Amino acid sequence: MRFYVPIVFGCLFLGVAAVGPTDALAHGDVTPQAVDTHTLPPLGEEMRSENPYRGLAEAVKVGVSAYTQNCARCHGIEAVSGGMSPDLREMDTECLDQKDEVKKKACFKEVDDFFMSITMKGKVRNGVEKMPSFKGTFNQEAVWAIKTYLDTRRPGN
Ligand code: HEC
């Protein structure tokens with residue numbers, strides 16, 4: 001019986017932590033954290049295939065906080081990857097090198113679309129969850145805000 005007591009208390013504690021203020025516990029937390037996007041222009045339900053917030057300062061601000069709470073533990077503090085997960089600053093390096101403006105635009109759009117897709121779906125490989133799905137926690141505003149922040153972290157910026 002004695003051995004069950006700490007387990008019960010442990011579960012109670014986790015239960016309280018899950019519904020209580022989570023900011024202080026967010027670091028290393030595996031639960032996706034909701035993002036407050038009310039300061040951003042609303043985008044509605046229909047998914048965009050291209051980041052409508054590119055360069056928007058408020059999106060960078062929302063994105064920093066959303067990234068830090070949800071992505072940094074795997075993709076690295078300030079998006080500098082420790083090597084365990086892909087370095088998200090490098091995602092559109094190929095596009096930046098593209099000389100043809102039309103192709104360059106198409107390249108950014110393709111990266112945006114891929115970014116949205118993997119962030120919402122997550123990644124399972126060989127039955128192991130490598131990255132959680134953020135669908136149900138994030139709206140598209142949150143995802144585009146993170147992408148806008150990551151644009152500011154490109155090498156050379
Ligand atoms: C539990 C760790 C973990 C968390 C948390 C996580 N990711 Fe990932 N992410 C990964 C791993 C591992 C991969 C590589 C998956 C694979 O094997 O293809 C990945 C891949 C990606 C890719 C594809 C990169 C590329 O160049 O192919 C994007 C984009 C991405 N993650 C965005 C995010 C965003 C945005 C967040 C936060 C909202 C996030 N991830 C949170 C682990 C994580």
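**View 1. Surroundings of the ligand.** The ligand is surrounded by 21 residues, and the closest are Cys71, Cys74, His75, Arg125 and Met131, where a residue is near a molecule if one of its heavy atoms lies within 4 Å of it. The structure is a predicted model, in which local features need pLDDT of at least 70 and side-chain atom pairs count only at pLDDT 80 or more, while totals for chains, interfaces and linings use all residues. Residues are numbered from 1 along each chain as its sequence is written, and side-chain values use heavy atoms, with hydrogens and water left out. At 11% relative accessibility Cys71 counts as buried, whereas Cys74, at 30%, counts as partly exposed (buried means under 20% relative accessible area, exposed over 50% and partly exposed in between, with a 1.4 Å probe and protein chains only).

**View 2. The iron atom of the ligand.** His75, through NE2, and Met131, through SD, coordinate the iron atom of the ligand at 2.0 to 2.2 Å; donors are N, O and S atoms within 2.8 Å of the metal (3.2 Å for Na, K and Ca), and water is not among the atoms, so sites may look incomplete. This pair links distant parts of the chain, with His75 in helix α3 (residues 72–75) and Met131 in strand β2 (residues 128–131), 56 residues apart. Helices (H or I, at least four residues) and strands (E, at least two) are DSSP runs, numbered from the N terminus. His75 counts as buried at 11% relative accessibility, and Met131 counts as buried at 16%.

**View 3. Polar side chains beside the ligand.** A polar side-chain atom of Arg125 lies 2.7 Å from an oxygen atom of the ligand.

**View 4. The disulfide.** Cys95 and Cys107 are joined by a disulfide with an S to S distance of 2.1 Å (a disulfide is a pair of cysteine sulfur atoms within 2.5 Å). The torsion about the S-S bond of Cys95 and Cys107 is about -75°, so the disulfide is left-handed. The two cysteines link distant parts of the chain, Cys95 in helix α4 (residues 93–97) and Cys107 in helix α5 (residues 101–121), 12 residues apart, and both Cys95 and Cys107 are buried.

**View 5. Thr119 and its contacts.** Thr119 lies in helix α5 and, at 8% relative accessibility, counts as buried. Not counting residues up to four places away in sequence, Thr119 touches Met131, Pro132, Ser133, Phe134, Phe138 and Val143, where contact means heavy atoms within 4.5 Å.

Methods: Polar contact = N/O pair within 3.5 Å; in protein donor to acceptor, adjacent residues only side chain to side chain.
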